[in-house]
Amino acid sequence: LLRFFTTDAAALAVAANGSFFAHARRDGTVEISASDPTVASIKFSTGMREITAMAIAPDPRRRAGSAGNPFAGWLLAAASSSGSVVTWDLNTQLPISMITGIIHNVYALRFSPNSLLIALAGHQTAQIWDVFGARHVLDLQYTNWGRDIAWSTDGRMLATQGRNDNELEGARVWQLEADQGVTTLRGLADAAVKVVFNSNGR
């Protein structure tokens with residue numbers, strides 16, 4: 001047992017490299033704790049009414065653990081019972097994007113392998129959003145309670161699990177097709193002022 005907390009935990013998330021984890025209290029406060037107990041934890045208020053799910057992913061804009069801060073270079077996303085998802089830069093502990101307008105509760109969040117998209121599942125909801133632009137990318141046909149969601153390691157497939165009333169529904173696996181008419185470049189560090197195709201057209 002590495003750490004033990006006596007406070008209530010509404011949601012939990014762990015960094016992929018195991019270096020730290022986050023737990024959310026029912027009052028909307030999030031505490032980020034390193035696996036190394038000698039590293040001081042950070043705590044901040046999200047302003048959310050109740051956090052229902054969280055996810056952690058590397059920030060594609062910077063190297064993890066940079067700036068002498070073990071939490072730098074990481075993103076934290078949290079969903080609320082009011083149907084919003086906010087993503088924070090853990091280096092600054094400031095929000096970088098907010099997804100709103102989700103009608104129902106969100107019960108599961110997962111970043112894509114490149115951290116540029118986030119998939120969510122909830123009450124009659126399974127969707128994919130652009131993390132940095134907070135833009136809706138895709139709706140998956142889903143009529144029941146989505147309880148879990150997962151990406152394949154190459155980001156080409158998405159699996160959802162849910163239930164109908166009190167009965168387990170099982171899982172659905174979705175094949176995500178890229179390059180269907182338009183390709184969107186996400187996570188650019190600054191505004192794009194010029195675009196050029198490679199000479200081979202690819």
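Modeller: Let's start with a definition: rings of Phe, Tyr and Trp (its six-membered ring) pair if their centres lie within 6.5 Å, with planes under 30 degrees apart counted as stacked, over 60 as edge-to-face and the rest as tilted. You're looking at a predicted model, so to speak of local features we need pLDDT of at least 70, while side-chain atom pairs count only at pLDDT 80 or more and totals for chains, interfaces and linings use all residues. Residues are numbered from 1 along each chain as its sequence is written, and side-chain values use heavy atoms, leaving out hydrogens and water.

Colleague: Okay, how many aromatic pairs does the structure hold?

Modeller: There are three. Take Phe20 and Phe71: they sit edge-to-face, 5.3 Å centre to centre with 80° between the planes. Phe20 is in strand β2 and Phe71 in the loop between β5 and β6, 51 residues apart. (Strands are DSSP runs of E, at least two residues, numbered from the N terminus; helices are runs of H or I, at least four.)

Colleague: And how do Phe20 and Trp74 pair?

Modeller: Edge-to-face again, at 5.4 Å centre to centre and 85° between the planes. Phe20 belongs to strand β2 and Trp74 to strand β6, so this pair ties together parts 54 residues apart in sequence.

Colleague: Is Trp74 buried or exposed?

Modeller: Buried means under 20% relative accessible area, exposed over 50%, and partly exposed in between (1.4 Å probe, protein chains only). Trp74 has 4%, so it is buried. Phe20 counts as buried because its relative accessibility is 1%, and Phe71 is buried as well. Over the chain's 202 residues, buried ones make up 43%.

Colleague: Which residues have the most contacts inside the largest nonpolar core?

Modeller: A nonpolar core is a set of buried Ala, Val, Leu, Ile, Met, Phe, Trp, Tyr and Cys residues joined through side-chain atoms within 4.5 Å. Here the largest has 22 residues, and Val30, Ile32, Met54 and Leu76 have the most contacts inside it. Strands β1 to β7 each give two or more residues to this core. Apart from it lies another core of 18 residues, including Ile99 and Phe132. Back to Val30: leaving aside neighbours within four places in sequence, it is in contact (heavy atoms within 4.5 Å) with residues including Ala22, Phe44, Met54 and Leu76.

Colleague: In what order do the four strands of the open sheet come?

Modeller: Strands of a sheet pair through backbone hydrogen bonds, either parallel or antiparallel. Here the order is β1-β2-β3-β4, with antiparallel pairing (two strands pair if DSSP finds at least two bridges between them). β1 and β4 are at the edges with a single partner strand each, so one side of each has no neighbour in the sheet. Between β3 and β4 there are four bridges, and Thr29 stands opposite Ser45 in β4. The whole chain has zero helices and 15 strands.

Colleague: What is phi of Ser115?

Modeller: It is near 65°, a positive value in a residue other than glycine. Ser115 is in the loop between β9 and β10, and counts as buried because its relative accessibility is 3%. Ala134, also not a glycine, has a positive phi of about 50°. Its place is the loop between β11 and β12. With 22% relative accessible area, Ala134 is partly exposed.
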